[in-house]
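Biologist: I would like to learn how to read a few features here. Please take them one at a time.

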Amino acid sequence: MSLETLVSAESIRAAFTQQFGGEPTAIIRAPGRVNLIGEHTDYNDGFVMPMAIDRAVWVALRPRHDPYMVVHSVDYAALAEISLTEMVRQHHPGWAEYMKGVAWAMQEAGMPLQGWEGVVAGDVPRGAGLSSSAAIELATARALVYVSGLAWNPAQIALIAQRAENEWMGVKTGIMDQMISASGQAGSALLIDCRTLETQPVPLPDGLAVVVLDTSTRRGLVDSKYNERRAQCEQAAAHFGVKALRDVTLAQLEAAQGQLDPLVYRRARHVISENARTLAAADAMRAGDTAALGRLIDASHDSLRDDFEVTDADKDALNVIVNCARAHPACIGARMTGAGFGGCAVAIVWGGEAVAFAAAVGADYQAQTGFTPALYVTTPTAGASVLFNAD
């Protein structure tokens, strides 16, 4: 019931040599993420607490002397030649289009870019809510910064990558995914203020482990109801005359309940209460209060299920796997993670029982749904990085 890491510095270096001959100049690694708490709050200027995980997109590269990115995808066995001087959007969400969108957004920000050739491979499950798209965006940005001799500013690059996803790919994501892939810290989750982009490391309390619960169900974010949820949040913020729901208190929302569409009210109630839960969860982690942390994580899932409605019903895979996780005695708390409509959940468990927890929950979930899940213990890793000569 585990998902093994499939890519390493050694394997991506070997893939480069096979494709292009010779040695790469650098190896790039940009991680996916799992969000511990703070869901659908980032595009409302709120608070999130993700961690970069040990699943990533890797690039091995060397500079070119012409304005092209020539990239071979190991995962798709395909080669893309992307002109840095003729940015033409293709209306499909392919891996090369994400890379092209990042190059476009960097040039729009006034960055002079150099060409490079390389190979790309990843072991972040796609469509699982673990930000495989942000990982390829940040791997591309890190590669372009490296070959172009530019300064690496994680927050600035995260905003540029977000623009690529919003405007080039047409997905109105918030800043969380790009920010954690750019700025992750080994050993800690990050509490991110999505308005100021201020980050604070928050280590997991001693004795606890994070387990990703991949339901093996997938959603297409562009085609899902993600953009609809964002519009509903914007409608609620407009009612109060504020920039974002970050600026509305729960008391203000409750006082205006009769003036809001009931659906919009429930969407706003999730976001406002989720911001409070996220800040409280960071405090609980710092204090080592595992009981409070578990209650907050469970409440987050219940709010996403009932108020934000990004799980469909009691038989929805996300609800099933969360219920299976909560039924295990090693579980502190469990919730869906990511945009919803399929993908992954996350559980905080007692570390000494994490392997037994994963085996039991995986078997229980498979018996109830017929789906074969992938469950694995993960650890917080660093954000997008350059590894020279595959060291």
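Biologist: At roughly what angle do the axes of helix 6 and helix 8 cross?

Modeller: This is a predicted model, in which local features need pLDDT of at least 70, side-chain atom pairs count only at pLDDT 80 or more, and totals for chains, interfaces and linings use all residues. Residues are numbered from 1 along each chain as its sequence is written, and side-chain values use heavy atoms, with hydrogens and water left out. Helices are DSSP runs (H or I, at least four residues), numbered from the N terminus. Axes are lines fitted to C-alpha atoms over the stretch in contact, with angles from 0 to 180 degrees between N-to-C directions. The axes of helix 6 (residues 226-240) and helix 8 (residues 262-287) cross at roughly 90° and come within 9 Å. That makes helix 6 roughly perpendicular (65 to 115 degrees) to helix 8.

Biologist: Which residues make the contact?

Modeller: Contact means heavy atoms within 4.5 Å. Helix 6 contributes Arg-229, Gln-232, Cys-233, Gln-235 and Ala-236, and helix 8 contributes Leu-263, Val-264, Arg-267, Ala-268 and Val-271.

Biologist: How is a pair of aromatic rings described?

Modeller: By the distance of the centres and the angle of the planes. Rings of Phe, Tyr and Trp (its six-membered ring) pair if their centres lie within 6.5 Å; planes under 30 degrees apart count as stacked, over 60 as edge-to-face and the rest as tilted. The whole structure has two aromatic pairs. Phe-16 and Phe-20 form a tilted one, 5.2 Å centre to centre with 35° between the planes. Both lie in helix 1 (residues 9-20), four residues apart.

Conventions. Helices (H or I, at least four residues) and strands (E, at least two) are DSSP runs, numbered from the N terminus. Angles under 35 degrees count as roughly parallel, over 145 as roughly antiparallel, 65 to 115 as roughly perpendicular and the rest as oblique.
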